[in-house]
Amino acid sequence: MDTRPSPSPPPARPRRSLLPLAASRATARTAAALLAASALLVSGCGASGTGTVAAALAALPMSTPSALSPYYTQKLSWRECGGPGFECATMKVPLDYDKPASGDIKLAVARRKATGKGKPLGSLLVNPGGPGGSAITYLQQYAGIGYPAEVRARYDMVAVDPRGVARSEPVECLDGRQMDAFTEVDMTPDDAKETDALADADRKFAEACGEHSAKLLRHVSTVEAARDMDVLRELLGDKKLNYVGASYGTLLGATYAGLFPHRTGRLVLDGAMDPSLDARQVNLDQTAGFETAFQAFSADCVKQADCPLDGKDATPAQVGDRLQKFFRALDAHPIPAGDADGRRLTESLATIGVVAAMYDQSTWEQLREALNAAMDKNDGAGLLALSDSYYERDSRGHYSNLMMANAAVNCLDLPPAFESPEQVEQALPQFEKASPVFGPNLAWSALNCTYWPVRATGEPHRIEAKGAAPIVVVGTTRDPATPYRWAQSLSRQLSSAHLLTYEGDGHTAYGRGSACIDSAINTYLLHGTPPAPGKRCT
């Protein structure tokens with residue numbers, strides 16, 4: 001997101017506590033392994049599905065309330081951390097912006113100061129998505145060393161882990177062993193018993209989050225995280241916020257623009273989300289997006305000598321049928337995976353292993369190798385490794401808090417996609433039509449917020465950001481996780497948006513090898529000149 005491919009922004013993921021929407025393996029493609037359009041556009045559908053037009057996000061007053069002054073005037077104490085040239089600090093923000101006196105949250109911040117000559121352009125805040133991805137890890141492993149040299153020369157590269165994420169008072173729910181059990185739950189229930197087990201797993205996950213992070217769960221919304229970014233902007237001494245956000249990071253950046261249009265500088269929103277959609281439509285659109293990616297993988301796979309999913313003349317539908325048969329076999333009989341903790345490759349884990357490879361075509365070869373080993377040699381290690389990388393599980397059985405923070409933010413931002421398992425069952429035909437391969441799994445994945453211990457505070461809305469400087473919205477035509485039409489919709493909502501299109505595969509576009517995309521974004525970041533209307537790149 002060099003002969004050695006440049007790192008790419010972490011991908012977004014399906015919207016569930018189990019399967020985060022905006023992905024955030026703060027990974028680079030320099031690492032040896034993975035670390036980070038179906039129906040008509042529904043921009044403006046309310047959560048009720050009645051077609052009512054969603055209200056626009058209202059801007060906050062230009063003046064800062066006096067009650068927030070202590071936060072906007074605090075001093076950051078920087079210290080060396082995370083490698084040569086990197087510094088870290090801690091900032092305080094109010095737990096509740098409506099009641100600043102009710103307590104603070106400490107947020108972790110990191111930066112790498114501009115490395116070159118020329119007029120400094122201030123700070124460039126970066127966020128890789130998730131929600132739940134560590135922006136600091138992303139900065140230290142990729143953006144601070146892998147962004148174009150001319151950008152790093154003029155900007156201080158900065159990241160803050162959003163509230164509830166990684167180093168910033170993380171949301172806590174399940175321990176490693178409990179997460180292992182959670183990720184192995186059958187996501188395609190065949191009967192009432194399996195349906196009850198799935199619902200029970202989601203319920204227990206939600207209850208654990210409520211038990212361990214009760215105070216925090218009410219205050220990890222995207223709106224609050226965007227307000228935190230404005231505090232950081234002031235502490236860094238910037239009059240306006242310059243920002244590059246990928247995947248969920250686009251929602252965070254667009255929300256900032258909606259709240260603070262007068263303080264919005266150069267914003268790049270890559271792999272854009274559509275804030276006007278309800279949770280069910282988000283899930284359905286993503287399901288179709290993953291089917292689009294799978295079709296592209298299938299077409300490529302059958303051209304390769306090592307494709308395990310039928311011969312060179314097979315259609316994508318036949319490839320999908322073969323994969324579904326493999327999943328069903330795993331459902332009945334999980335296979336060994338050489339795991340030190342005794343885990344076997346289940347249908348659920350295998351499905352996530354395949355989903356993980358849909359984000360970036362550079363992992364298709366790895367997926368073919370993993371499928372060959374599993375289907376021909378009864379060895380599930382490769383698919384389990386892909387699944388573990390997706391869930392951010394390390395070799396010691398420890399998970400990052402990605403899954404917990406993801407659920408906490410998503411379930412607060414929007415009302416649940418489904419109110420009961422019965423509603424999921426009713427919606428299954430829609431999801432199966434959107435993707436025969438992934439539809440059932442992703443439909444059931446959307447059940448988690450049904451049992452969340454905190455009611456949603458957000459709802460679908462448009463973001464106009466009237467008065468903001470030009471904003472660049474980037475969409476990839478075959479993006480699996482943030483479908484291209486989301487970028488089209490967001491660019492129509494934002495009053496100053498310029499849509500930049502990448503015609504290709506994979507999730508997000510900046511830093512993926514398109515000189516056209518990179519040049520357009522670099523020119524904007526360095527000179528403030530947005531791409532020409534209708535600009536498309538390959």
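Of the protein's 538 residues, 61% come out as buried (under 20% relative accessible area, with exposed meaning over 50% and partly exposed in between, using a 1.4 Å probe and protein chains only). This is a predicted model, so to speak of local features takes pLDDT of at least 70 and side-chain atom pairs count only at pLDDT 80 or more, while totals for chains, interfaces and linings use all residues. Residues are numbered from 1 along each chain as its sequence is written, and side-chain values use heavy atoms, leaving out hydrogens and water.

The fold has 18 helices and 12 strands (DSSP runs numbered from the N terminus: H or I of at least four residues, E of at least two). Ten strands make an open sheet with mixed pairing, ordered E1-E2-E3-E5-E4-E6-E7-E10-E11-E12; strands pair if DSSP finds at least two bridges between them. E1 (79–80) and E12 (536–537) sit at the edges with a single partner strand each, so one side of each lacks a neighbour in the sheet. E3 (residues 104–112) and E5 (residues 156–160) run antiparallel over four bridges, and Arg 112 has Met 157 of E5 as its bridge partner.

Helix H8 (residues 248–259) packs on this sheet, touching E4, E6, E7 and E10 (contact: heavy atoms within 4.5 Å). Helix H11 (residues 347–357), meanwhile, is mostly covered, with 11 of its 11 residues buried.

Note on methods. Axes are lines fitted to C-alpha atoms, for helices over the stretch in contact, and angles run from 0 to 180 degrees between N-to-C directions.
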